[in-house]
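Thank you all for coming. I would like to walk through a few local features of this structure, going slowly enough that we can look at each of them together.

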Amino acid sequence: MQRCNASNRLDRLPISRFHYLTLAAVAIAYFFEFADINSFAITAPRLIKLWKVSVNEIAYVTSLSFVGMFIGSLAAGWIADRWGRKKALLWTTLTFSVFSLAAVFSWDIVSLGVFRVLTSAGLSAMTVVAVIYVSEIFPAAVRGKYQAYAIVIGICGTPVTNFIASGVVGLAPWSWRLVYLWGALGLVVLFLARYLTESPVWQENRGDHAAADAMLREIEARVSAERGPLPEPAPPVDAEPATRAPLSLLLQRRYLLPTLLLTVLWVTQSIGFFGYSTWAPSLLAKEGFSVQSSTLYVALSTVGAPLGSYLAALVTDRFERKWCLVAFGTVIAVCGLLYGLTFTPLMIVTFGFLVNLFERGYTALGYAYSPELFDTRTRSLGTGVSYGLGRLSNAAGPLIIAHLYTWSGYRSVFFFIAATWMVGAIVLAAFGPRTRQRIDPGTPVSAGGRGRGRRRPQPI
């Protein structure tokens, strides 16, 4: 059966208003995701004083939040495959926004913990869906760049939220609740739904060729009206409609190796990043800095985050993504370690700035790299499982950090975080496949393999 050639028809489109509107909607979703993801870390120092919350209680809430992220990641793949990328993006954004709003009314650490777990599930699910959506809508040759541009805009949510928090958390005993109210504004994305289209690649893959062709014609008409006549797409490929991918499919060698590799990538990124961002305000406060000072230092550090995503946008389609990830991960390890070895405010802000810069660049690169290792049929499943396992692994991360801090002190935490980043860099260097020459997203790449240039997608 001849398919409607969705990937090739989308790949030959010039960037137009259609793409910019899609980018804006995804970027705003990212903005409030990043605004919300560190809300508990920002408010934890205040809760230590108000509710007499212990470091261990913070660790448990943080750990359970990552369990929520794992559940959300797995659910995202199923929702995106069952009901489509657009609906999944809107539903998951609605989920994290509503539960962030519920956190405003929490009355103790247990109720706040429950709301944070549910919020985290929505956050993680939204991320998985957004990564897949951008990967299928944007042309393959510039996909990584626009994925990074979405993060550039979205990551601004982190410093904006931190600066807002540094100004409001100390105003009154209740003012920390405003941080969660701010995160709930992700509901704005729902008003942009009319600018989003369903992914024709998803429609084609489920065998609905008529709907895919109609959507493609609508997109092509919008683009050609703005940019003129379109070039001819590459020839279509004959294939049978793909059935829904079962979880057991990832155990096949062609999918198992990329899944394991990406699991290592997201495990080390999760423990390395959240170990730093979640604990930095609380640990600084524990080491004698005031709540206002520790929050301000972290806020100043996160100014580097948007710049890191922009740096990723500059390099992602010019250099091999695998080696960019290795280089960024190594720099993060060094700067994160130096952060933990100094108590000078200027150095804390400087090394924190560099950690945020390269980590957000690393994340943007990872978002572009992950879907490229799977074909259309397994893209949701493989991305969701590997990303979810990464988040689940960090359920143990906060407990390890709390134990290290209690028994070995402040600096041991940052030795552990630096070692985690180095493990990820080494594994990627040794086993990560190169994807820069892979223009066509239809075929998975085996871990440890090499780019083979443009290949025709094979039916599965």
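Let me begin with Ser386, which lies in helix H17, residues 376–393, where a helix is a DSSP run of H or I of at least four residues, numbered from the N terminus. Please bear in mind that this is a predicted model, in which local features need pLDDT of at least 70 and side-chain atom pairs count only at pLDDT 80 or more, while totals for chains, interfaces and linings use all residues. Residues are numbered from 1 along each chain as its sequence is written, and side-chain values use heavy atoms, with hydrogens and water left out.

Ser386 is buried, at a relative accessible area of 0%, buried meaning under 20% with a 1.4 Å probe and protein chains only. A polar atom of its side chain lies 3.3 Å from the backbone oxygen of Thr383. Leaving aside residues up to four places away in sequence, Ser386 touches Thr259, Leu262, Thr263 and Trp266, contact being heavy atoms within 4.5 Å.

Turning to helix H2, residues 17–37, we find 21 residues that reach 30 Å from the first C-alpha to the last, close to the 30 Å expected at 1.5 Å a residue, that span being 1.5 Å times one less than the number of residues. H2 is mostly covered, since 17 of its 21 residues are buried.

Finally, helix H4 (residues 55–83) packs against helix H5 (residues 85–103) at about 135 degrees, with the axes 7 Å apart; axes are lines fitted to C-alpha atoms over the stretch in contact, and angles run from 0 to 180 degrees between N-to-C directions. The contact is made by Ile79, Ala80, Asp81 and Trp83 of H4 and by Arg85, Lys87, Ala88 and Trp91 of H5.

Methods: Helix = DSSP H or I, 4+ residues; strand = E, 2+ residues; numbered from the N terminus. Buried < 20%, exposed > 50% of the residue type's maximum accessible area, 1.4 Å probe, protein only. Polar contact = N/O pair within 3.5 Å; in protein donor to acceptor, adjacent residues only side chain to side chain.
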